Amino acid sequence: MSPHPTLQPYADAWTHSVEAISEMVQPLPEADWNRRTPCPGWSVRDIVSHVIGLDCEMLGDPRPIHTLPRDLFHVTNDHQRYMEMQVDVRRHHTAPEMTAELEYTIIRRNRQLRNESRDPGTKVRGPLGTELTLEESMRRHAFDVWVHEQDLRTALGRPGNLDSPGAYVARDVLLDELPHVVADKAQAPRSSAVVVDVHGPVEFLRTIRVDIQGRGTLETAPALGPAATLTLDWETYVRLACGRVTHEAVTDRVKTEGDVDLAAAILRNFAVTK
């Protein structure tokens, strides 16, 4: 059996990313597991622990019973505390322990996905006891694992897969957040439009229109006379939207036109991951 056709792209994206992660970390010497990544507060080991933990939760495994130390300064809210549990519990695991657990988890998840027969609309448990559909859960999971694959690639100097199946899942997940960024967080003027033009391995042009009530919507049609236009490459878009860099750090990679203050407000509020 294979998952419902709606779910298959997310299963394929997860498989592609997690196998790339496994291939990257398998030969790493112990010291490289401690390398810093662009993900705030996390090392290579921490990222791999997080990926293992996410998949164990997708498998329905019980969460570890563990008390977090008080000196984790990158942990500031309940969502981060929830995510940190699976990471901190593995902080003293050796490289062979990490790769063995990753491989075993991938085998178990592949078996689960092959036997997945549930409807995409089935309600499943999400982080912090939230409920979401199986489709949204798998979509979010494919997105997370691809983003963390990119974190590892940056840390290890192994660029690639910016146009893999996971990249297109990430594009759609991040685009869904753009109306909120422009209309709500950046407070774009009512009855205005903002254009975001992205080039590179993944290319797209989108218009965010803000109506008279201040609600933002995403459109594929270009806008005539937009209030602001942002032009940037795909890798910079991902790093900004996922909070891996500040907008000040990439000013040379982002071109803005139109309302300077609005463009700056959008870039200040571009990060959408928790």
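This is a predicted model: local features need pLDDT of at least 70, side-chain atom pairs count only at pLDDT 80 or more; totals for chains, interfaces and linings use all residues.
Me: What does arginine 45 form a salt bridge with, and how far apart are the closest N and O atoms?

Reply: General idea first: side chains of opposite charge can pair when their charged atoms come close. The cut-off for a salt bridge is a side-chain nitrogen of Lys or Arg within 4 Å of a carboxyl oxygen of Asp or Glu. Here arginine 45 pairs with glutamate 30, with 2.7 Å between the closest N and O atoms. Arginine 45 sits in helix H2 (residues 44-58) and glutamate 30 in the loop between helix H1 (8-25) and H2, so the pair ties together parts 15 residues apart in sequence. Helices here are DSSP runs (H or I, at least four residues), numbered from the N terminus.

Me: Is aspartate 55 buried or exposed?

Reply: Buried means under 20% relative accessible area, exposed over 50%, partly exposed in between (1.4 Å probe, protein chains only). Aspartate 55 is buried at 2%, and arginine 109 is buried at 4%. These two form a salt bridge, closest N and O atoms 2.6 Å apart. Aspartate 55 lies in helix H2 and arginine 109 in helix H4, so the pair ties together parts 54 residues apart in sequence.

Me: How many salt bridges does the structure hold?

Reply: There are 22. Glu136, Arg139, Arg140, Asp176 and Glu177 are linked in a salt-bridge network.

Terms used. Residues are numbered from 1 along each chain as its sequence is written. Side-chain values use heavy atoms; hydrogens and water are left out. Helices (H or I, at least four residues) and strands (E, at least two) are DSSP runs, numbered from the N terminus.
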